[in-house]
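Open your viewer and keep the selection tool at hand. This tour goes from one stop to the next.

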Amino acid sequence: MGVSKLQLSFAECCGLCYNIRQMNELPKEDLERLMARAYAVKTATWGRRVALRGLVEFSNICTKDCLYCGIRRSNANVTRYRMTEDEIVEAATWAAENRYGSVVLQSGEISSEANTAFVEGVLKRIHGLYGDSLGITLSLGEQTRETYGRWKNAGAHRYLLRIETSNRELYSKIHPKGHSWERRLDCLRTLKNLGYIVGTGVMIGLPGQTEADLENDIRFFRDEDVDMIGMGPYLAHPDTPLAAEAPIQAKGRLLALTLRMIAETRLAIPDANIASTTALQAIDPEGREKGLLAGANVIMPNVTPVKYRKSYLLYPGKPCTGEESELCRSCLERRVKSVGEEIAWGERADPLHSLPSR
Ligand code: SAH
Ligand code: SF4
C-alpha cells in the first residue's frame, strides 16, 4: 500500500486521547483542527516561541551511499568541500553573536581518526569561546562509542541521527548493502547512554511507505524516549538511484502529510523539541511557518558560508542557498512574527523532555 491510503491509528493511550484518524484523506478542516490541537499543546508546554539552531553544513564528503541522498558517495556530479577549522568556528561565532543560542554541525559520514580529531578540535574551540551558554549539536552519522565520547568531552551535548524509517525492511530498500538499521538504532542508544540529548526522525513519503510505517515511526520516537525529532518530506534527487525508481510525490500531499506527522508527534510527545525542517520550506515557501503552527518549536537557519551552500544539496529545491546569513536572519524574524510567534533569542533551549526534573 502506498502513502495515498495513509492512516494513523493510535490504539494505546499516551496521556492524550487518540482516535482512529485517516491520515491522508483528512479533509482540510480536519487537518486544521488537528494542527490547532497540537499547537495548543505546544504553546501550553513551551509558549508561542521558536528556538533557533544555526546550521553549519561543514562538509559534503561522505563515505556512505544512501540511495536517496544527493551527496551520496557515488554521486560524481557533486563538488566536494570541507570547511576549514577557522571557517567553522567563524560560522558558529556568527550564530552565537547573533543570539541563535545553539549551533548544529552537520556533514557527510566519515569515521577516520583524522576526521574525529578534526571535529574534536573544532568543538574544543567553540566550547572554549562560549562554554555551556551555546548549545552544540552534532549530526555526523554513525560513529563508534569512543568517537561519540570524545566529541562529548570536547563540548557537544546533543546529537541528531535520523532512523529514516522505523521499518527495517523499508530501510534496507532505501540503502545499499552494508548500511544497517540495527547499527543505527545501536548508535542512538549509545548516544543516550553517553548522556547526549538525542534527536532522531524520518523521511515522509518514501516509496513503499505505508500508514502503519508512519504510525510506527511515532511509536518508535516514544519507545526510544528521544528528546528531539526532525522530520521532513522525502524529495527525490535526480542524481540518486531511488529517484529513478519512485514517482515524484505531489507537493501538496507531502506538505499535508508532513504537517500531520508533526501534529501527531506533538500530541504524542508534548515536551519534545520538534523541528520545522528546511525540506518543508522546499515544498512550500511558507512550509516552515506552517510547521510551527502544526506544533514544531525549532527552526534551523543555515549559517554555512554561501559559497558552499549549493554543494550541500541532499535533495533538490533547497531554499536560501544564495542568501547571506544576515539576510536569512531578518527574513526569518519577519516570517516567525507573521504567524504570531517570537524567536527565543539567545536561548540554548534544550528540550523540556531531556530535563532531569521531568
Ligand atoms: N550524514 C549525516 C547527516 C547529513 S544527512 C546523516 O546521514 O545522519 C541529514 C538527513 O538528510 C538524513 O538523515 C536524511 O533524512 C535527510 N535526507 C537525505 N536525502 C534526502 C532526500 N532526498 N529528501 C529528504 N531528506 C533527505
Ligand atoms: Fe551520507 Fe548522510 Fe547522505 Fe547518507 S544521508 S549519503 S550518510 S550525507
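Start with a definition: Ala, Val, Leu, Ile, Met, Phe, Trp, Tyr, Cys and Pro count as nonpolar, Asp, Glu, Lys and Arg as charged, and the others, Gly among them, as polar. Keep in mind that this model is predicted.

**Stop one: ligand 1.** Select ligand 1 and its shell. There are 18 residues around ligand 1. By class, they divide into 9 nonpolar, 5 polar and 4 charged. Now pick out the closest: Y68, S107, R162, E164 and L235.

Move to R184, where a polar side-chain atom lies 3.4 Å from an oxygen atom of ligand 1. Then show the backbone of L235. One of its polar backbone atoms sits 2.8 Å from a nitrogen atom of ligand 1. Ligand 1 taken alone exposes 540 Å², and the protein buries 92% of that.

**Stop two: ligand 2.** Select ligand 2 next. Around ligand 2 you will find C62, K64, C66, C69, I71, R72 and G108. This shell has 4 nonpolar, 1 polar and 2 charged residues.

**Stop three: E323.** Go to the loop between α12 (306-309) and α13 (325-338); E323 is there. Show its contacts: leaving aside residues up to four places away in sequence, E323 touches V306, R309 and C328. Last, select D30. E323 and D30 are 293 residues apart in sequence and 36 Å apart in space, C-alpha to C-alpha.

Key
Residues numbered from 1 in each chain as written. Chains lettered and ligands numbered in written order. Predicted model: local features only at pLDDT ≥ 70, side-chain atom pairs only at ≥ 80, totals over all residues. Heavy atoms only, no water. Near = heavy atom within 4 Å. Polar contact = N/O pair within 3.5 Å; in protein donor to acceptor, adjacent residues only side chain to side chain. Areas by Shrake-Rupley, 256 points an atom, 1.4 Å probe, with all protein chains shown as cover. Helix = DSSP H or I, 4+ residues; strand = E, 2+ residues; numbered from the N terminus. Contact = heavy atoms within 4.5 Å.
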